[in-house]
Amino acid sequence: MINIFLPESTAETISRIDKLSPDSAALWGKMNAAQMFAHCAVAYEMVYTDKHKAPNGLMKFMLKAFIKKGVVNEVPYKKNLRTAPQFVIADERDFEEEKSQLITYIKKTQELGADHFDGKENLSFGKMPVQEWNNLFAKHLDHHLRQFGV
C-alpha cells in the first residue's frame with residue numbers, strides 16, 4: 001500500500017487520475033469517472049468540511065465494531081461492495097470540477113502530513129492512528145482507480 005503522506009505517492013496517484021477522461025469507462029460498477037471522483041472526495045469532505053453529519057452513538061459503535069476493520073486494513077476491497085449512503089453519487093457531475101476537488105484534497109492531506117492525522121478523530125470510526133488513515137485514503141483511491149483501469 002502506498003503512503004499517501006509522501007510526495008511521490010501523491011504524484012503517482014494524481015498521475016493515475018490524470019489518465020482518466022470524461023469518457024473513461026468503468027470496468028465494473030455504475031459510476032462514471034466524474035461520479036467516482038465525487039465519491040472518493042466524500043472521505044476527504046468528512047475530514048475537511050461540515051458537509052456530512054457524524055453518525056449517532058449507536059451507529060458509530062456499529063461502524064467501529066463491524067465496518068472499520070475492513071475499511072482501514074490493507075486487504076483490497078472486492079468489486080461491487082455496497083457503500084454507505086453518503087458515498088452514493090447518483091447525479092451527474094462535472095468531470096473537471098470533481099477531478100480538481102479530489103486532487104486538492106489529496107494534496108492537502110499530503111501537505112498536512114502524517115503527524116496531523118495520527119490520533120485524529122474520524123467521523124465514523126473515532127480516533128485512528130496514522131496507518132489507519134493512510135489505509136482508508138490509499139485503499140479507497142486505489143480501488144476506484146483500478147475500477148477505471150488506471
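Two rings of Phe, Tyr or Trp (its six-membered ring) make an aromatic pair if their centres lie within 6.5 Å; planes under 30 degrees apart count as stacked, over 60 as edge-to-face and the rest as tilted. By this rule the count comes to 8 aromatic pairs. The model is a predicted one, where local features need pLDDT of at least 70, side-chain atom pairs count only at pLDDT 80 or more, and totals for chains, interfaces and linings use all residues. Residues are numbered from 1 along each chain as its sequence is written, and side-chain values use heavy atoms, with hydrogens and water left out. Helices (H or I, at least four residues) and strands (E, at least two) are DSSP runs, numbered from the N terminus.

**Aromatic rings**

- A pair of aromatic rings is described by the distance of the centres and the angle of the planes.
- Phe5 and Phe117 form a tilted pair, with 5.5 Å from centre to centre and 40° between the planes.
- Phe5 sits in the segment before α1 (7-18) and Phe117 in helix α5 (residues 114-117), so this pair ties together parts that are 112 residues apart in sequence.

**The nonpolar core**

- A nonpolar core is a set of buried Ala, Val, Leu, Ile, Met, Phe, Trp, Tyr and Cys residues joined through side-chain atoms within 4.5 Å.
- The largest such core has 41 residues, and Met36, Tyr44, Leu102, Leu136 and Phe137 touch the most other members.
- Helices α1, α2, α3, α4 and α6 each supply at least two residues of this core.
- Which helix gives the most to this core? That is α2, with 13 residues.
- Leu136 touches Ala43, Val71, Val72, Asn122, Phe125 and Met128, not counting residues up to four places away in sequence; contact here means heavy atoms within 4.5 Å.

**Pocket and cavity**

- Rolling a probe the size of a water molecule over the atoms shows where empty space is left.
- On a 1 Å grid over the protein atoms alone, a cavity is a set of points where a 1.4 Å probe fits but cannot get out, while a pocket is an open set with protein on both sides within 12 Å along at least five of seven lines; lining residues have an atom within 4 Å of a point.
- Grid points are joined across faces, edges and corners, and a volume is the space filled by probe spheres set on the points.
- The largest pocket has a volume of about 1300 Å³.
- This pocket is lined by 44 residues, with His39, Arg82, Thr83, Ala84 and Phe87 lying nearest its centre.
- Two or more lining residues of the largest pocket come from each of α2 (33-48), α3 (57-72) and α6 (130-147), and α6 gives the most, with 7 residues.
- The lining of the largest pocket divides into 25 nonpolar, 14 polar and 5 charged residues, where Ala, Val, Leu, Ile, Met, Phe, Trp, Tyr, Cys and Pro count as nonpolar, Asp, Glu, Lys and Arg as charged, and the others, Gly among them, as polar.
- How many cavities of 30 Å³ or more are there? The count is 1, and about 50 Å³ of space lies in the largest cavity.
- Ile4, Ser9, Thr10, Thr13, Tyr44, Ile106, Thr109 and Leu141 line the largest cavity, with 4 nonpolar, 4 polar and no charged residues among them.
- Helices α1 and α4 (95-112) each supply at least two residues of the cavity lining, and α1 gives the most, with 3 residues.

**Residues to look at in helix α1**

- Thr13 is found in helix α1 and counts as buried at 6% relative accessibility.
- Leaving aside neighbours within four places in sequence, Thr13 is in contact with Ile2, Ile106, Leu141 and Leu145.
- Arg16 is also found in helix α1 and is buried, with a relative accessible area of 15%.
- Beyond neighbours within four places in sequence, Arg16 is in contact with Asp142, Leu145, Arg146 and Val150.

**Residues to look at in the loops**

- Asp118 is found in the loop between α5 and β1 (120-122) and is partly exposed, with a relative accessible area of 46%.
- Not counting residues up to four places away in sequence, Asp118 touches Met128, Pro129 and Val130.
- Asn80 lies in the loop between α3 and α4 and counts as exposed at 56% relative accessibility.
- Asn80 has a positive phi of about 60° although it is not a glycine.

Terms used: Buried < 20%, exposed > 50% of the residue type's maximum accessible area, 1.4 Å probe, protein only.
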